[in-house]
Amino acid sequence: MVHRRPHPGRSRARWLGFSAAIAVFGASLTACVGVIGDADEDKTELESLVLAAPALPRLTAAQYRNTLVELFGASMPAAPLEDDTKPFLFYNIGASSTTLSEFGVQQYEESADAITRHAFADPARRAAFVGCEPAAPGDACVEGFLRRFGRRVFRRPLTDEEVSRWVSVSQTLADSSAWEGLRLAVSGLLQSPHFLYRVEVGVSDDAAPGRRKLTGYEMATRLSFLLWNQGPDDALLDAAEKGDLDKPAGIAAAAERLLDDPRARSAMQAFFRQYLDLGRLDGIQRDPAAYPYFTPTMTEAMRREVELLVEDVVFESRGDARSIFSTRKTFVNADLAALYGIEAPGATVDTFVPVELPADGPRAGILTLGAFLTMNAHETRTSPTARGKYVRERVFCLEVPAPPPGVDTTLDPPMGEPQTVREQMEAHRTNPACAACHTFMDPPGFLFEHFDSSGYYRTVFENNLPIDSSGDLDGKPLADARELATVLETEPRVGRCMVQQLYRHAQGRIETKGERLALEDLASRFAGASFDFRTLLIELVTHDAFRYIGEEESP
């Protein structure tokens, strides 16, 4: 075993910056959602919602890095961090429910040390960063900088006591160098729970018994991490200081500004990547002999295709967000055009062009595009179960339970005469332990059988057996995936599920029973806005369910 000798300054800054402060919040960091009661639909929105108690989510790796790039610039060194988890699809939920390991704390220390050494190593860079030249440890320059910088790091003004404490840290660790003391104080700020965790505990509100209203600074934090995936800028903190974020109108105005910034597009793309589970494309390979259209860069092209489609529907055209499941418009490069068998003038391996899929063709919406079809298939055969499960969970927000313990989920190799995947799966539907779930998942999954495990459209199986792509959706017979896309075009559950997924992402947790009324209300507003996703974002951030939290349970 290798033992590191800790750097004395780093160790003391780490203790001052993380360990002491974590003790203040230790009990709160694992707060649970609380007791939820039934909503009375006859009451007003403010009186009817029963909200979850506060949780203090840790910043995701992307939020941490995005925020530090904003504070220190893109040239800052990147250090490894503990991997994020994404239960229920979203990293924000993992950040609210997982515990930081001792090694994770060490990684934060090493990251803060590397970043501050970079920022303070060059005299010109540190002068531009700090904005003044300290004449002595803890002088007015140091104090003024810690107030300004601490506001951005903690996402609120530091109290006088906190300023005094961090000035004292810079003096204690100066070792005759005011710059080194300031560097170590900054390193400590970056390790503080006030930075690494989103502290949103609200204040009591006499107008809303049983819940707490988020302060302006807490709203600034919520808005920024949702719409930019990073901490708030000075303009948003100024709006909080002026009281603009205490009312829905001020919140809406701030949100509109954030949404006009390119960072909002990046943040919303991150949401859709998680919602659509595009991370599952990572590492997918296919045998080029069996799948000649599947090039080495195909999965990246498939991912980019979905991102461009989302960009067009959500931001450029601001059309019906549900249309991503039914539109005939998409964006392809040369490889995808070959896979789909369509003309795409101007497309190259690196250049994507917009195309309209043939009106009489088999494709419409992302469920007929390469990304969905490939990541929901096995390496050498299709998987109606995986494809149907995706439709149920991602498109309709329905829960599909895991297989019972001990149940064999593999398909037996066909014996005797060649069999289709449908025929092989009959065993699962006749097994009482499997029948209920497979009857729920497989019928919509069979609709995609014309598409092989690379997303290529075929008319017969490799063994020349005919393809039966018929299935159904909740008892409604459908002939194929194209008919499913037509159904999804106006299916109410698609919009409600999109609202539910966004709500989970924004809150960093699963909705509670008492919040169902909020989801229905938001879904109604979404429909009333012709399913414009930007309008949904504004409706969400100004809603009581986003502006308030429930009271924490007594121990």
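# Reading the terms on a predicted model

Tutor: The loop between α24 (516-528) and α25 (533-541) contains S530. Helices are DSSP runs of H or I with at least four residues, strands are runs of E with at least two, and both are numbered from the N terminus. The model is predicted, with residues numbered from 1 along each chain as its sequence is written; local features need pLDDT of at least 70, side-chain atom pairs count only at pLDDT 80 or more, and totals for chains, interfaces and linings use all residues. Side-chain values use heavy atoms, with hydrogens and water left out.

Student: Why is S530 called exposed?

Tutor: Exposed means over 50% relative accessible area, buried means under 20%, and partly exposed lies in between (1.4 Å probe, protein chains only). S530 has 51% relative accessibility and therefore counts as exposed.

Student: Which phi does N464 have, and where is N464 found?

Tutor: N464, which is not a glycine, has a positive phi of about 70 degrees. N464 is found in the loop between α21 (432-446) and β5 (471-473). Its relative accessibility is 61%, so N464 counts as exposed.

Student: How do you know that L227 is buried?

Tutor: The relative accessibility of L227 is 0%, so this residue counts as buried. L227 belongs to helix α11 (residues 216-227). Its contacts (heavy atoms within 4.5 Å) include A255, L258, M268 and L537, not counting residues up to four places away in sequence. L227 and M268 are 41 residues apart in sequence, while their C-alpha atoms are 7.0 Å apart in space.

Student: Why is Q274 called buried?

Tutor: Q274 has a relative accessible area of 8%, and therefore it is buried. Q274 lies in helix α14 (residues 262-275). Leaving aside neighbours within four places in sequence, Q274 is in contact with L89, F90, Y91 and H505.

Student: Which residues of helix α6 are buried, and how do you know that they line one face?

Tutor: In α6 (residues 123-130), the buried residues are R126, F129 and V130. Seen down the axis of α6, these buried residues fall within an arc of 85 degrees, so they line one face of the helix. The arc is taken over the directions from the helix axis to the C-beta atoms. A124 and A128 are exposed residues on the face of α6 turned away from the buried side. The buried residues of α6 pack against α3 (61-72), α5 (102-121), α7 (140-154) and α9 (178-191).

Student: What makes D122 a cap of α6?

Tutor: At the N-terminal end of α6, a side-chain oxygen of D122 lies 3.2 Å from the backbone nitrogen of A124. Just after α6, G131 takes a positive phi of about 90 degrees.

Student: How many cavities are there, and what makes a space a cavity?

Tutor: The structure holds four cavities of 30 Å³ or more. On a 1 Å grid over the protein atoms alone, a cavity is a set of points where a 1.4 Å probe fits but cannot get out; a pocket is an open set with protein on both sides within 12 Å along at least five of seven lines; lining residues have an atom within 4 Å of a point. Grid points are joined across faces, edges and corners, and a volume is the space filled by probe spheres set on the points. The largest cavity has a volume of about 180 Å³. Of its 19 lining residues, A55, P57, E200, R222 and Q507 lie nearest its centre.

Student: What volume does the second largest cavity have, and which elements line it?

Tutor: The second largest cavity has about 60 Å³ of space. The elements that give two or more residues to its lining are α3 and α7. The largest share, three residues, comes from α3.

Student: Which residues line the second largest pocket?

Tutor: That lining includes F88, L89, C397, Q500 and R504. The pocket holds about 300 Å³ of space. The largest share of its lining, three residues, comes from α23.

Key:
Polar contact = N/O pair within 3.5 Å; in protein donor to acceptor, adjacent residues only side chain to side chain.
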